[in-house]
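This briefing sets out selected computed features of one protein model. Please read it alongside the structure shown here.

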Amino acid sequence: MGKLYMTGATTVDPTEIAKFEAMAAEWWDPNGKFKPLHMMNPVRLDYITAQIAEEFDRDLNDALPLSGLRVLDIGCGGGLLCEPMARLGATVVGVDAGGGNIPVAQTHARQSGLDIDYRHTTAEAMAEAGEAFDVVLSMEVIEHVADPLAFLTACARLAKPGGLHICSTLNRNAKSFAAAIVGAEYVMRWLPKGTHDWSKFITPDELYALLRQSGLDPVDRKGFQFNPVSWQWSLSDRDLSVNYVTTALKPA
């Protein structure tokens, strides 16, 4: 793993970053190691855009419904979320602590004709620099950081007053161990063995408490539910047993 040229306090876990840097070249292969994210991406986007539209009174049928909004994607990887956000008109900044991911994201954005500001840095460094965003995304990141509360506190600092923070992660229970680790890593082999550490998974109630401690106001949570028959993901109001997502507001 290459050195991470970052200064100041950070919640980055170098071991976790190394796992994803090792897979960086496969970000845009829908049948590669990031197949689960490619499969989940449509339902993630549906949730994110619906929350943004509701909070900022946008019509998603408009040509560029996110125009004028500044969006930050923390842990952007190869840009799977950044690119659709940019296509919807948002000014997008994607950051990742894994330096190997950034050239992959930059190259794909350039090939796609998209202007996205990708940076090799951390949420903490961005907050220290005084950056501010209408929407802060941290999708499938918090279960990989060293200090979840410090990470969320940085996210809260990065959100403008009245802004949104959207966070997805994995619940911690027997079902999530069976699905996310045994199923995804050992049976389906969607992910390399050791990608996830079950002990770092966070229950919805724990995440709500952490969000409040960080200075954010949680307003919504939904489950991402996988149907093995249709081979598709969908949103669930009730089933948060494995993958789930939350929305929180930064008080104005």
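A residue counts as buried under 20% relative accessible area, as exposed over 50%, and as partly exposed in between. T49 has a relative accessible area of 9%, so T49 is buried. The model is predicted. The protein has 252 residues, and buried residues make up 54% of them.

**Overall figures**

- The secondary structure of the protein consists of 8 helices and 8 strands.
- The accessible surface of the protein is about 11200 Å². Carbon and sulfur atoms hold 52% of this surface.
- Among contacts in the protein with a separation of 6 or more, 69% are between residues 24 or more positions apart.

**T49 and D59**

- T49 lies in helix α2, while D59 is placed in the loop between α2 (35-56) and β1 (70-74).
- Leaving aside residues up to four places away in sequence, T49 touches L60, M85 and L88.
- D59 has a relative accessible area of 37% and is therefore partly exposed.
- In sequence, T49 and D59 are 10 residues apart. In space, their C-alpha to C-alpha distance is 9.9 Å.

**Strands β2 and β3**

- Strand β2 covers residues 91-96 and strand β3 covers residues 117-120. The two pair in the parallel sense, over 4 bridges.
- Helix α4 (residues 101-111) lies on the path of the chain from β2 to β3. This β-α-β crossover is right-handed.
- Within β3, H120 is the residue that D96 stands opposite.

**Strands β6 and β7**

- Strand β6 (residues 217-227) and strand β7 (residues 232-236) run antiparallel and are joined by 5 bridges.
- N227 stands opposite Q232 in β7.
- The hairpin of β6 and β7 has 4 residues between the strands. In this hairpin, W231 takes a positive phi near 60°.

**Aromatic rings**

- A pair of aromatic rings is described by two quantities, the distance of the centres and the angle of the planes.
- The count of aromatic pairs comes to 2.
- One of these pairs is formed by F226 and W231, with 5.2 Å centre to centre and 70° between the planes. Planes over 60 degrees apart count as edge-to-face, so the pair of F226 and W231 is edge-to-face.
- F226 also pairs with W233, again listed at 5.2 Å centre to centre, with 50° between the planes. The pair of F226 and W233 is classed as tilted.
- F226, W231 and W233 form one aromatic cluster.
- F226, with a relative accessible area of 24%, is partly exposed. W231 is partly exposed as well, with a relative accessible area of 38%.

**Charge over a ring**

- R221 places its charged end over the ring of Y208. The distance from the charged end of R221 to the centre of that ring is 4.6 Å.

Methods. Residues are numbered from 1 along each chain as its sequence is written. This is a predicted model: local features need pLDDT of at least 70, side-chain atom pairs count only at pLDDT 80 or more; totals for chains, interfaces and linings use all residues. Side-chain values use heavy atoms; hydrogens and water are left out. Two strands pair if DSSP finds at least two bridges between them. A crossover is right-handed if, with the strands pointing away from the viewer, the path from the first strand over the helix to the second runs clockwise. Buried means under 20% relative accessible area, exposed over 50%, partly exposed in between (1.4 Å probe, protein chains only). Contact means heavy atoms within 4.5 Å. Accessible areas come from the Shrake-Rupley method with a 1.4 Å probe; for residues, only the protein chains shown count as cover. Rings of Phe, Tyr and Trp (its six-membered ring) pair if their centres lie within 6.5 Å; planes under 30 degrees apart count as stacked, over 60 as edge-to-face and the rest as tilted. A charge sits over a ring if NZ of Lys or CZ of Arg is within 6 Å of the ring centre and within 35 degrees of the ring normal.
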